[in-house]
Amino acid sequence: MRAGLWARAGSLARHVELLVFPSFCRLCSRPLGRPGEKVVCRECWEALAPRRGPACVCCGRFFEGAGGDHVCGRCLERVPPYTLHRSCGRYDGVLRDLILLFKYGRVSALGRPLARFAAAALEAEEGLWEGADGLVPVPLHPKRKRERGFNQSQVLARELARIRGLAVVDNGLVKVRNVPPQASLEAAGRAANVRGAYAVRRRVRVEGRVLVLVDDVFTTGSTLGECGLVLKRAGAREVRALTLAQA
């Protein structure tokens, strides 16, 4: 009986809290009243759906229309330093809004549910996971990390590693130049912007290993390409990559 009274008291306290200090979804402004709802409402999370359709078997670029997976023209001209890359969905709609809130709204708590979405969306991608030794978050420059408070790729990598039973290779790949954000540049300038921006400080952490790069958004592939090249030069046996979304 006492337990029932405590449960009713807790429920009443929760309703009073919502009335006095109302909380709303940061995306759609619905009231957050359901158990476990924080920052973003259940309806917005349920609107997330992985993209299904043809893509390049190497770089993972999405193709429009019908057809099957095949190698795109870019990869035929120049094979990227990573074996394959997969994205969960397009960088639009709810997925885009969640990434922006996570990354620039400094809501690091969104990293775990976003990583769980990625793990479910890419669960069947055996080529991405089979034989992988560890996940490598695309690093931020220390100054940028201090400004933001966290590295979004690291948050994603840690939760994905927990789900998949893999290690996170922290502090192996580092960013040594604080270059302008890729999002501020046109496609033509992105490759030059990241050239020489990354380095491997501890080769022993990457030598002979199959590594999966983790980042939030794939646009031209310049960042993943540069990171993959640096890891391969440091002795990584194979580099793969995954991102939440593809612009």
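User: What is a polar contact, and which one does the side chain of Asp215 make?
Analyst: A polar contact is a pair of N or O atoms within 3.5 Å. In this predicted model, the side chain of Asp215 makes one with the side chain of Ser153, at 2.9 Å.

User: Where is Asp215?
Analyst: Asp215 sits in strand β6, residues 210–218. Residues it touches include Val138, Leu156, Thr223 and Leu244.

User: What is the nearest side chain of opposite charge to Asp215?
Analyst: That is Lys103, 6.0 Å away. Asp215 is buried but has no salt bridge; a salt bridge needs the nitrogen within 4 Å of a carboxyl oxygen.

User: Which residue does Lys103 meet in a salt bridge?
Analyst: Lys103 pairs with Asp216, 2.9 Å from N to O. Lys103 is in helix α4 and Asp216 in strand β6, so the pair ties together parts 113 residues apart in sequence.

User: Is Asp216 buried or exposed?
Analyst: Asp216 is buried, at 3% relative accessible area. Lys103 is also buried, at 15%.

User: What else is buried in α4?
Analyst: Besides Lys103, the buried residues of α4 are Leu95, Leu98, Ile99, Leu101 and Phe102.

User: New topic. How many salt bridges are there in the structure?
Analyst: There are 12. One of them joins Glu159 and Arg116, with the closest N and O atoms 3.7 Å apart. Glu159 lies in helix α8 and Arg116 in helix α5, so this pair ties together parts 43 residues apart in sequence.

User: Which residues are in a network with Glu159?
Analyst: Arg112, Arg116 and Arg162 are linked with Glu159 in a network of salt bridges.

Methods
Residues numbered from 1 in each chain as written. Predicted model: local features only at pLDDT ≥ 70, side-chain atom pairs only at ≥ 80, totals over all residues. Heavy atoms only, no water. Helix = DSSP H or I, 4+ residues; strand = E, 2+ residues; numbered from the N terminus. Buried < 20%, exposed > 50% of the residue type's maximum accessible area, 1.4 Å probe, protein only. Lys, Arg positive; Asp, Glu negative; His and termini not counted. Polar contact = N/O pair within 3.5 Å; in protein donor to acceptor, adjacent residues only side chain to side chain. Contact = heavy atoms within 4.5 Å. Lists of a residue's contacts leave out its neighbours within four places in sequence.
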